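Visitor: I would like to learn how to read a protein model. Please take me through one.

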Amino acid sequence: MTEIAVAASRLAEAGVESPRADAELMAAHRHGVARSALNQVTDADFDPRFWDDVARREAREPLQHITGTACFRYVELEVGPGVFVPRPETEVMTGWAIDRLTEMDVVEPVVADLGAGSGAISLAIAQEVPRARVHAVEGDPLARSWTERNIARCAAAAPHTSGRVMLHTGDFGSALHDLDGAVDLVISNPPYIPLGAIVAPEVEEYEPSAALYSGTDGLDAIRVVERVARRLLRPGGRIAVEHGAPQGAAVYWVFAEENGWKETRNHSDLAGLDRFVTAVLP
Ligand SMILES: C[S@@+](CC[C@H](N)C(=O)[O-])C[C@H]1O[C@@H](n2cnc3c(N)ncnc32)[C@H](O)[C@@H]1O
């Protein structure tokens with residue numbers, strides 16, 4: 001498709017980070033073919049609505065809002081206005097959690113996902129650890145409607161996840177009291193951008209602010225997650241929390257031995273940047 005090259009150059013001009021890949025993915029979505037089959041789309045088949053999609057991406061609307069879906073590990077999620085688009089770095093933390101749950105000597109491990117958004121973390125765990133029971137907590141009503149939709153979508157595509165993700169509405173700071181001391185693993189990708197920080201237009205204009213910002217140092221929600229995890233976890237239970245690349249040392253100290261945790265570790269994402277902290281409740 002010669003249109004791809006034109007679209008890619010328009011996207012590059014607009015400052016899009018991966019213009020060629022985005023142009024190809026939008027064209028594949030618009031024509032209902034795999035990206036690898038784009039060479040089979042003839043001039044006669046070309047759908048001019050592709051140019052509307054290009055204009056949206058030029059205006060820095062997230063690619064996943066245009067295609068309507070985002071892939072997260074082995075789950076395809078619906079995403080759009082009002083919900084955070086799941087990121088590859090969160091897949092790494094979720095993989096760490098899946099490995100720990102898989103090796104845990106517990107019949108039905110109980111998981112709490114604090115700030116569920118699209119349901120990405122909860123659904124990936126339910127899909128890959130079929131014995132797990134996952135409690136997904138989401139405070140934002142609009143985001144919650146996407147979580148609900150994705151739980152239903154995933155149950156249809158992977159029936160073994162059905163009934164294994166329980167959605168709870170409300171502030172995660174005061175959530176799940178009936179599970180106090182009974183949770184095997186707490187996981188969270190909370191908001192962690194410092195107020196006033198400069199972010200890409202895709203983030204600033206299209207992601208919900210409740211998913212992004214958290215106090216002047218960005219750590220307010222992480223401190224709440226630490227407090228809640230201490231209440232929810234059984235002795236020996238584990239926490240994994242995502243943070244921004246420059247926050248590794250600060251988040252380490254939130255979960256340090258001095259604060260009652262053990263085996264606190266910093267972990268990197270695929271780009272080698274500090275991305276999440278794990279710890280064990282003694
Ligand atoms: C960065 S997004 C992560 C979403 C999803 N877990 C993911 O990784 O793609 C953070 C989510 O936490 C929710 N959230 C933020 N503060 C919350 C709070 N105090 N209680 C419940 N949910 C909260 C936001 O609405 C948002 O959906």
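Guide: Start with a term. A helix axis is a line fitted to C-alpha atoms over the stretch in contact, and the angle between two axes runs from 0 to 180 degrees between N-to-C directions. Keep in mind that this is a predicted model.

Visitor: How is a pair of packed helices described?

Guide: Two packed helices are described by the angle between their axes and the distance between the axes. Here, helix 5 (residues 88-103) and helix 6 (residues 120-128) have axes that come within 10 Å and cross at roughly 35°. Their crossing is right-handed.

Visitor: Which residues make the contact of helix 5 with helix 6?

Guide: Helix 5 contributes Thr-90, Met-93, Thr-94, Ala-97, Ile-98 and Leu-101, and helix 6 contributes Ile-121, Ala-124, Ile-125 and Glu-128. Sorted by class, this contact has seven nonpolar, two polar and one charged residues.

Visitor: At what angle do helix 1 and helix 3 cross?

Guide: The axes of helix 1 (residues 2-13) and helix 3 (residues 50-58) cross at roughly 20° and come within 9 Å. Angles under 35 degrees count as roughly parallel, so helix 1 is roughly parallel to helix 3. Helix 1 passes helix 3 in a right-handed crossing. On helix 1 the contact is made by Glu-3, Val-6, Ala-7, Arg-10 and Leu-11, and on helix 3 by Phe-50, Trp-51, Val-54, Ala-55, Arg-57 and Glu-58. These residues divide into seven nonpolar, no polar and four charged.

Visitor: Now the strands. How do I read a sheet?

Guide: Strands of a sheet pair through backbone hydrogen bonds, either parallel or antiparallel. In this model, seven strands form an open sheet with mixed pairing, in the order 5-4-3-6-7-9-8. Strand 5 (165-169) and strand 8 (262-268) are the edge strands, each pairing on one side only. On average, neighbouring strands of the sheet are turned by 15° against each other, direction ignored.

Visitor: How many bridges join strand 8 to strand 9?

Guide: Five bridges join them, and strand 8 runs antiparallel to strand 9 (residues 274-280). Ser-268 stands opposite Asp-274 in strand 9.

Visitor: Which strands does helix 7 lie across?

Guide: Helix 7 (residues 141-157) lies across strand 4 (133-138) and strand 5, at about 165° to strand 5. Helix 9 (residues 220-232) lies across strand 3 (110-114), strand 6 (183-188) and strand 7 (233-242), at about 160° to strand 7.

Visitor: What does the secondary structure of the whole chain come to?

Guide: The protein chain has ten helices and nine strands. Its C-alpha atoms fill a box of roughly 65 × 40 × 30 Å along the principal axes.

Note on methods
Residues numbered from 1 in each chain as written. Predicted model: local features only at pLDDT ≥ 70, side-chain atom pairs only at ≥ 80, totals over all residues. Heavy atoms only, no water. Pairing = 2+ DSSP bridges. Helix = DSSP H or I, 4+ residues; strand = E, 2+ residues; numbered from the N terminus. Contact = heavy atoms within 4.5 Å. Parallel < 35°, antiparallel > 145°, perpendicular 65-115°, else oblique. Left-handed = near helix turned anticlockwise from the far one by under 90°. Nonpolar A, V, L, I, M, F, W, Y, C, P; charged D, E, K, R; others polar.
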